[in-house]
Structure formats: structure tokens, C-alpha cells
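Subject: Structure for your review

Dear colleague,

Please find below the structure that I am handing over to you. I would be grateful if you read the notes after it with the model open.

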Amino acid sequence: MRPSHLALAVLVAAVWGVNFTVIEIGLDHFPPLLFSALRFLAAALPAVFFVGRPKVAWKWIVAVGLVLGVAKFGLLFVGMDAGMPAGLSSLVLQIQAVFTAVIAALTLGERPSRTRLLGMLIALAGIAVAAVDEGASGPLGAFALVVAAAACWGASNVLTRKAAPRDALNFMVWVSTVPVLPLLALSLLVEGPSHDLAALRAMDWQGAGTVVYVAWITTVFGFGVWGLLLRHHPASTVAPFSLLVPVFGMSSAALFLGEPVSPLRWCAAALLVGGVALTSGFPRRPHTATAPPGTSGRGSVSAVQGWITRCARRTSPPSRPAPRGRRVPTSRR
């Protein structure tokens with residue numbers, strides 16, 4: 001990977017990590033469900049007019065939109081609004097790799113290897129340590145909501161693997177059109193129209209900036225650059241950079257929000273990141289010369305890798321058969 005692409009990969013991981021700090025700031029301006037609805041509205045418009053028509057069946061777009069957009073982000077935003085710290089949220093969400101592997105084993109018949117099972121156990125140990133740390137300083141109910149959000153993320157990963165989108169950015173933009181109305185309806189029902197209207201009327205440049213960041217920077221820019229990197233490099237080269245997301249998430253939360261990082265939390269981070277790395281199962285080198293880059297092994301099952309492995313498979317140039325010699329026309333009798 002050349003230096004410019006290396007810098008872009010780290011930049012995307014930083015953008016996705018800082019996103020949790022921005023969400024925390026945005027929750028000071030909006031109710032959580034309304035904020036989530038605005039995030040998807042801004043991600044879909046006007047990008048939906050520039051990415052082209054959907055390249056997968058609508059059933060997959062709707063399914064992923066409901067599970068990822070409504071359930072996962074709804075639970076995440078509500079959990080963070082209920083007191084889950086931004087840095088810890090960026091870390092705990094990585095348990096989605098374990099949920100993805102378990103759901104894939106149950107629904108797709110993918111049998112996890114011993115290494116992947118070991119990774120699951122290590123990641124779960126990290127979640128247990130994080131729960132102990134959060135239980136000593138914050139609400140466990142909010143912690144449980146973020147874990148539930150990670151489970152929904154894992155389910156959406158499996159749905160995305162079934163959809164096998166050829167263009168991750170196109171898919172994500174169209175998926176963003178689905179959750180807007182359900183989230184708005186839930187916000188009106190749960191948070192109340194008066195609360196929503198008051199938040200919209202009081203919106204200032206900081207509140208608008210958080211919506212722009214979580215929608216355009218993390219979604220349009222982040223997935224656009226990620227797709228660019230995958231067109232030039234195998235998934236096994238790009239995927240490991242996603243493990244930097246909780247590092248940037250915890251660091252930015254400590255820097256901008258003053259969130260303390262206890263020794264227990266660093267221990268949980270080490271266990272979770274290490275366990276997720278094993279659970280994700282980065283593709284290994286192909287054993288034969290005929291295997292195209294990024295298609296060896298079982299592929300990734302993590303949140304980002306569940307998409308990018310498919311993208312790498314779809315975007316790798318197809319092998320062409322060797323040209324045959326021209327047939328010499330035979331004389332007619």
C-alpha cells in the first residue's frame with residue numbers, strides 16, 4: 001500500500017472513531033431517535049441522486065435499513081443518551097464481530113474455526129471487563145442497550161453478505177433512505193412532537209454540524225474512500241485498519257469530552273481488539289496461484305469486513321480464458 005493510500009485508511013478509521021464523540025455532542029442538541037432520523041435523512045439526500053439506481057434487490061435494502069438503521073442506530077443513540085460514554089461505546093460495539101460469527105453459523109452454516117472460537121471467548125472476556133468497569137461508574141442499562149445494538153449490527157452484517165452489494169457506497173446511501181420515516185414515527189411516539197419541534201427550532205451551527213458529520217463525513221466520505229481502497233488492494237490489506245476505530249474513539253472522547261480511561265477499560269480494549277482480530281479471521285494467502293486476491297480463506301465477518309470482503313470479490317478483475325487460436329476455415333466440398 002503506497003503512503004497516500006495508507007494515510008487514507010488511517011484517516012477513515014479516525015473519522016469513524018471520532019464519530020462517537022460527535023454523536024455525544026449531537027445528543028446535547030437532539031433527542032436520540034430524532035437525531036438518528038436526521039442522520040439518515042442527511043446521508044440519503046442529496047447523495048441518492050448521484051450514486052445511481054440500487055444495484056441489489058429492494059428486499060435487502062429494506063431489511064438492512066430496518067435492522068441496521070432503525071434497530072442498531074436507534075439502540076446505540078438511546079444507549080448513549082442514557083449515559084453510555086462515547087469512548088466505551090466505540091469499543092463495546094466491536095463485539096458485533098462475535099454476534100456476526102454466531103448468526104452466520106446459525107443461518108449460513110459457516111462453522112467457525114478454533115482460532116475464531118478463541119477470538120470470541122477473548123472478546124467476550126473483554127466485554128465482561130468493560131461491564132465491570134461501567135458498572136462501577138455508570139448505568140448498566142445503557143451498557144446493555146449498546147450491546148444489543150452490536151447484536152443488531154451483527155444481524156445486518158449477515159443480511160449484507162446475503163445481499164452481496166457490488167458498490168458499498170451505493171448500497172449504504174440507498175439503505176439510508178429506509179430508516180428515516182420509521183425513526184421519525186418512533187421519535188414522535190416516544191419522545192413527543194413538542195420535544196422534537198423544540199430541538200429543531202433551537203438547532204444552531206453546532207447541532208447542524210453534528211448531523212453533517214455523522215451523515216456526510218462518516219457515511220459518504222468514509223464508505224467512498226473505503227471503496228476506493230478496496231478497488232486497489234485486497235480486503236486482507238484494508239480490513240485490519242478497522243481495528244483502529246475504537247482506538248480513535250476512546251482517544252477522541254478522552255481529549256474532547258474529558259472521559260476518563262481507567263486501567264480496567266484499557267484491559268477491556270486490549271481483550272476486545274485482540275479477540276475481534278481473531279474472530280474476524282482476516283483472509284490468508286491463497287494456497288494456489290489461481291485464487292484471486294482477497295478471496296482465500298473464509299473471509300471476514302466483522303462489521304466493516306462483512307461488506308468489504310464482498311466488495312473485494314466483486315471488484316477484483318475476472319480471470320479471462322486464454323485466447324484460442326484462430327480456426328482455419330475448411331474448404332467446402
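This is a predicted model: local features need pLDDT of at least 70, side-chain atom pairs count only at pLDDT 80 or more; totals for chains, interfaces and linings use all residues.

**Helices α1 and α13**

Helix α1 covers residues 3–26 and helix α13 covers residues 245–256; their axes come within 7 Å and cross at roughly 50 degrees. The crossing of α1 past α13 is right-handed.

Which residues of α1 and α13 meet? From α1 come Val10, Ala13, Ala14, Trp16, Gly17, Val18, Phe20 and Thr21, and from α13 come Val245, Phe248, Gly249, Ser252, Ala253 and Phe256. The residues of this contact divide into 10 nonpolar, 4 polar and no charged.

**Helices α3 and α8**

The second pair consists of α3 (58–81) and α8 (168–175). Their axes lie 9 Å apart, and the two helices pack at an angle of about 65 degrees. Angles of 65 to 115 degrees count as roughly perpendicular, and α3 and α8 are therefore roughly perpendicular to each other. Here, α3 passes α8 in a right-handed crossing.

On the α3 side, the contact is formed by Trp58, Trp60, Ile61, Val64, Gly65 and Leu68, which meet Phe171, Met172, Trp174 and Val175 of α8. By type, the residues of this contact are 9 nonpolar, 1 polar and no charged.

**Helix α2**

Helix α2 (residues 32–44) contains 13 residues. From its first C-alpha to its last it reaches 19 Å, which is close to the 18 Å expected at 1.5 Å a residue.

Why can α2 be called largely enclosed by the rest of the structure? The reason is that 12 of its 13 residues are buried, and a residue counts as buried when its relative accessible area is under 20%. The buried residues of α2 are Pro32, Leu33, Leu34, Phe35, Ser36, Ala37, Leu38, Arg39, Phe40, Ala42, Ala43 and Ala44. Their cover includes α1, α3, α8, α9 (180–191), α10 (193–201) and α11 (205–232).

Leucine 41 also lies in α2. With a relative accessible area of 37%, leucine 41 is partly exposed. Along the chain, leucine 41 and valine 211 are 170 residues apart, while their C-alpha atoms are separated by 9.4 Å.

In the loop between α2 and α3 you will find proline 46. A cis peptide bond joins leucine 45 to proline 46, with omega at about 5 degrees.

Alanine 164 is located in the loop between α7 (140–163) and α8. Although alanine 164 is not a glycine, its phi is positive, at about 50 degrees. Is alanine 164 buried or exposed? Its relative accessible area is 10%, so alanine 164 is buried.

**A residue in helix α6**

Alanine 125 belongs to helix α6, which spans residues 114–135. Its relative accessibility is 32%, so alanine 125 counts as partly exposed. Alanine 125 and leucine 272 are 147 residues apart in sequence, yet 7.6 Å apart in space, C-alpha to C-alpha.

Yours sincerely,
A colleague

Methods. Residues are numbered from 1 along each chain as its sequence is written. Side-chain values use heavy atoms; hydrogens and water are left out. Axes are lines fitted to C-alpha atoms, for helices over the stretch in contact, and angles run from 0 to 180 degrees between N-to-C directions. Helices (H or I, at least four residues) and strands (E, at least two) are DSSP runs, numbered from the N terminus. A crossing is left-handed if the near helix is turned anticlockwise from the far one by less than a right angle, and right-handed if clockwise. Contact means heavy atoms within 4.5 Å. Ala, Val, Leu, Ile, Met, Phe, Trp, Tyr, Cys and Pro count as nonpolar, Asp, Glu, Lys and Arg as charged, and the others, Gly among them, as polar. The expected span of a helix is 1.5 Å times one less than its number of residues. Buried means under 20% relative accessible area, exposed over 50%, partly exposed in between (1.4 Å probe, protein chains only). Angles under 35 degrees count as roughly parallel, over 145 as roughly antiparallel, 65 to 115 as roughly perpendicular and the rest as oblique.
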